[in-house]
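Hi,

Here is the structure I said I would pass on. Have a look at it first, and then read on for what turned up in it.

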Amino acid sequence: MCGIVGILNSNSLKTESIDILKKLEYRGYDSAGLSLFSQKRIKTIKSVGKISALEKKIKSISDKPFDGVIGHTRWATHGVVSRNNAHPFYDDNLTLVCNGIIENYVKIQKFYKEIPNDIESDTEVAFYFLSYLLNKYSNPDSALKIFKKTIKGNYAFVIYIKKNKSFYLLKSGSPISLSQNKKIFYVCSDSSILSDYHDKIYHLKDNDFLKINKDKIINLKNNEPIIFEKNLKSLNSYDKGTFQHFMLKEIHEQPNVLKDTQQRYDKEYFLDFDTKFSDLVNSDKIILVGCGTAYHAAMIGEYYFNKLTSCDVSCEHASELRYKKLPNKKCLFIFISQSGETMDTLMALKYVKKNSHKAVVITNSLQSTMVREADLTIPTYAKKEVGVASTKAFTCQILSLANLSLQIGKIDKSINISQYNKYLKSLKSLPTKLNKLINDFTPVAKKISKKIALADACYFIGRNIGYPIALEGSLKLKEISYMHSEGFAGGEMKHGPIALIDKGTITICIIPNNELYEKSLSNTQEILARNGRVVILSSLILKKNSGTLDTPQLPKENFIDTPFIYTIPLQLISYYFALSEGTDIDQPRNLAKSVTVE
Ligand code: F6R
């Protein structure tokens, strides 16, 4: 995780680096810092908390005497959140920032007595190690080569060494990109941000070892020149408009981004499906992979594929897949990732590719590392998602999976043309339906959130396609409100979780009008019988029993649009509950938007 920026030779080092760090804040906001440097000195300022705190601290500093800057926003991995553990780490000759994890830092720390033994931060150990090597070897390039050879892990380093006035970039795993215009250089861990500055970009490859001195770049890995490519203009918007939070804005944007995504699929992307996607159609097994919310999308995808196609399909947590033996069959892996940078997902993707399987990525970030690694990309057009809790990116991922399974089901004749047309029509009519749902449900969500405020814990249950919706509802609630919450498959309650139920708990029951609704209602009764309180979300008109706090009626659904119709009310309930709790909704504690460590 963490965000890195570096700028050389610009006239507004301070303003631009703070601007970029603010855009990078989604990668972590535990602490921040920057080092301004020139041939004569290095000036470092660090602070705990968000970039706004750092911005205040550097107000009075002039950046005129400096040639460059490196900056960092941190998501703590090793070492508590503190000013000392904030990056950059620096001395008179050296300053550095790192994104990633140095896996062998304990060994290095034990081996070199020059490194203090009470340091907790892996990057600080790396700093002391490099500082020691720079003292030992007169040529900084030689010191850096030994440094690079010794450290193990997934990382990106940006380093300035005063002695030879050189700027170094080291990459192994974590993303980092460089753009240049004459003597001005920008470095950033999110390449899409750089398109606001330069239109040519170089995405560092693993083991790249760049040295920038004046306007010259050398790749010390192989001494070959680096080749810049065109940087796609990003459509990023960091404006909340009239909304109080990005999350609320992004919930409200869903009808529009779903409309855009569906239109692109209809007009360009899924045209000539069978030729373009022959690998999808011809594989023996499909495995859907993701993390967190994207994993819930994968689970929904599994229900779609299972019902609408004859594919053998399953889904996996990316963090688990990487350490499993892969099937011998011809598999197609579909990776789902909003950012396209999540380290667990990226490593799993690299692992399946290494084992000669095909990889498709469904992503919202066309400039991401996963796009460069996968055989094929299916874009979602949710536009920039700023709120840490995923909302519109999730529903676009589901739309993508719905379209995929419909196309495959049509080809393998699991569904007939009239079923295909009926489902496609309902995906196309989602924007109108969801606009009305958001408006109608907002007051209901506010009312339900007040009831949750009186509870000790909030659970979510659902069956079949309602199960991943329940998991997603629970994840949203806990991540932005910090309320204890779990999601369960309705049928599993009696096998253990029902022991949690008492009068202090609320269970939100997802009960679409499908073949399982009576069984789901029975699960609700079992909770009520144990004095638990329930809220039932259903399109059915239901009687309120005692203990049933609310039974808001949702629009009529069918199999394919169920996840959209039931997810959006859960997003709104979580949002309004978190609002009443006064939490930091767009940047909840302990989290980051892009998780680039394993
Ligand atoms: C939760 C959330 C996370 C992400 C997960 C994967 O609201 O956003 O659970 O879904 O970290 O991120 P991506 O999709 O970028 O791979």
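Let's start with the ligand: the space it takes is the second largest pocket. Bear in mind that this is a predicted model, so everything below is computed from predicted coordinates.

Who is around the ligand? The shell has 14 residues, and S337, Q338, S339, T342 and E479 come nearest. Sorted by class, the shell is made up of five nonpolar, seven polar and two charged residues.

Where do these residues come from? Domain 2 (239-428) and domain 3 (443-598) each give at least three residues to the shell. The largest share is that of α10, with three residues.

- S339: here the side chain takes part, with an N or O atom 2.6 Å from an oxygen atom of the ligand.
- S390: a polar backbone atom of this residue is 2.9 Å from a ligand oxygen atom.

As for how covered the ligand is, it would expose 400 Å² if taken alone, and the protein buries 90% of that.

Two backbone details are also worth a look while you have the model open. One is a cis peptide bond between H87 and P88, where omega is about -5 degrees. You will find P88 in the loop that runs between β4 (68-74) and β5 (89-90).

The other is N531, a residue other than glycine that has a positive phi, near 70 degrees. N531 is in a loop too, the one between α18 (517-528) and β23 (533-538).

That's it from me. Happy browsing!

Terms used
Residues numbered from 1 in each chain as written. Predicted model: local features only at pLDDT ≥ 70, side-chain atom pairs only at ≥ 80, totals over all residues. Heavy atoms only, no water. Near = heavy atom within 4 Å. Polar contact = N/O pair within 3.5 Å; in protein donor to acceptor, adjacent residues only side chain to side chain. Areas by Shrake-Rupley, 256 points an atom, 1.4 Å probe, with all protein chains shown as cover. 1 Å grid on protein atoms, 1.4 Å probe; cavity = no way out; pocket = protein on both sides within 12 Å on 5 of 7 lines; lining within 4 Å. Sits in = over half its atoms within 2 Å of the grid points. Helix = DSSP H or I, 4+ residues; strand = E, 2+ residues; numbered from the N terminus. Nonpolar A, V, L, I, M, F, W, Y, C, P; charged D, E, K, R; others polar. Domains from an automatic or database assignment.
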